[in-house]
Each structure stands twice: as structure tokens, then as C-alpha cells.
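Thank you all for coming; please have the structure open beside you while I talk.

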Amino acid sequence: MILWRARNALAAGDPHDLLARGRMAEHLIAGAQELQGVGPFDEGAAFAQRAQRLAQTGRQHAFAAFLGAGHLRELGRIEHARAGFTAALEIYRDLGHRRGEASVRTGLADCDRQEGRVEDARAGFTAALEIYRDAEAVQAKFDALNGGPPAAAG
């Protein structure tokens, strides 16, 4: 169902209504996310690229750029992937979205690794890990101040 919706959104014209544009972007993002790590990567990249064009929020735009960059990396298009990750990184920084920033830094470090730049990759992965640790600390403080984490669903 996810891929069916994403493929239909990819084939459709651009809606004029802002709400419809955002909804279509969400379907395309879901399709790109569904294909992450499994492919077909060219289709995932197409979903993400269209989602970026339709995105109505900074988070949508950043996540679509991140997903698209991941698909491009899988296709071996490292420079294009790096550009997508860099665009997502700037948006996540502007939003103050630390976990998004850490995820993108991991993607950039993986690009370095694929290019054989081991020290750059190590530095990138280390920077991402520090951000994740900081983000977890912030979440732990929030949970402590608000009576603990939410109960597990189940």
C-alpha cells in the first residue's frame, strides 16, 4: 500500500492545494523510506526528490533530502549523495533537530568511508555519536522532569 501510494503520487501532477501538497510529500517520503536499504534505489531517489519539491515543512524537506541522499549513495553517486546530506544537515541545524543532524552526519561519514577516507569517516561517526549521546541526555532530563518516559505500548 505504501509503495502504491508513492508510485501514484510520483505519477500525478502537482496539487495546487497546500494541504494536498504536504500529504503527497508524506506519501512520497513513506515510499522512499520503505525502499531504504533494499531498493530499487533509483525509485527511492525519485520519490525523495519529488517529496523535496512538494515539502511544506522544513522537517519534510530535510527528511526527504536525507532519504534521497541515502538512495543516491546506494547507487554509487557519492557526490550527489553528499550534496543531499549537506542540504539536510543545514535544515536540521536551522531547526535545532539534533537527532536529524546526527543521522545526516552518519550518512556523510558513510560517504567518506565509501571513498576510502577512513579518518574523515571516523571523525564523522564520532561526531554523530556525540550528538546522539547529547540528544539522549536531553531526552533523559525531559523524562526525569516529566515523570519518566511514556509507558510501553502493549
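Let me begin with a term: a nonpolar core is a set of buried Ala, Val, Leu, Ile, Met, Phe, Trp, Tyr and Cys residues joined through side-chain atoms within 4.5 Å, where buried means under 20% relative accessible area, exposed over 50%, and partly exposed in between, computed with a 1.4 Å probe on protein chains only. Before we use that term, please keep in mind that this is a predicted model, in which local features need pLDDT of at least 70 and side-chain atom pairs count only at pLDDT 80 or more, while totals for chains, interfaces and linings use all residues. Residues are numbered from 1 along each chain as its sequence is written, and side-chain values use heavy atoms, with hydrogens and water left out.

How confident is the predictor? The pLDDT, which is the predictor's confidence in each residue on a scale from 0 to 100, averages 87 over the chain, and 88% of the residues score at least 70. Helices here are DSSP runs of H or I with at least four residues, strands are runs of E with at least two, and both are numbered from the N terminus.

Now to the core itself. The largest nonpolar core has 30 residues, of which L28, F47, F66, L67, F85, A88 and V104 touch the most other members. Two or more residues are given to this core by each of α1, α2, α3, α4, α5 and α6. If we leave out residues up to four places away in sequence, L67 touches I29, A32, Q33, Q36 and A48, where contact means heavy atoms within 4.5 Å.

Let us look next at helix α3, which covers residues 41-54. Its buried residues, including F41, G44, A45 and F47, pack against α1 (2-11), α2 (18-34) and α4 (58-74). In helix α4 we find H71, which counts as buried because its relative accessibility is 2%. Apart from its neighbours within four places in sequence, H71 is in contact with F41, G44 and A45, among others, and also with A32, L35 and Q36.

Helix α5 (residues 78-95) has 18 residues, and its end C-alpha atoms are 25 Å apart, which agrees with the 26 Å it should span at 1.5 Å a residue; the expected span is 1.5 Å times one less than the number of residues. The buried residues of α5, among them F85, A88 and L89, pack against α4 and α6 (98-114). After α5 comes G96, whose phi is positive, near 70°.

Finally, how many aromatic pairs does a search of the whole structure find? The search finds two, counting rings of Phe, Tyr and Trp (its six-membered ring) whose centres lie within 6.5 Å, with planes under 30 degrees apart called stacked, over 60 edge-to-face and the rest tilted. F63 and F66 are stacked, 6.3 Å centre to centre with 15° between the planes, and they are separated by about one helical turn because they are three residues apart in helix α4. The rings of F66 and F85 have centres 5.9 Å apart and planes at 55°, so this pair is tilted. Since F66 lies in helix α4 and F85 in helix α5, the pair ties together parts that are 19 residues apart in sequence. F63, F66 and F85 thus form one aromatic cluster, in which F63 is partly exposed at 24% relative accessibility, whereas F66 is buried at 14% and F85 is buried at 1%.
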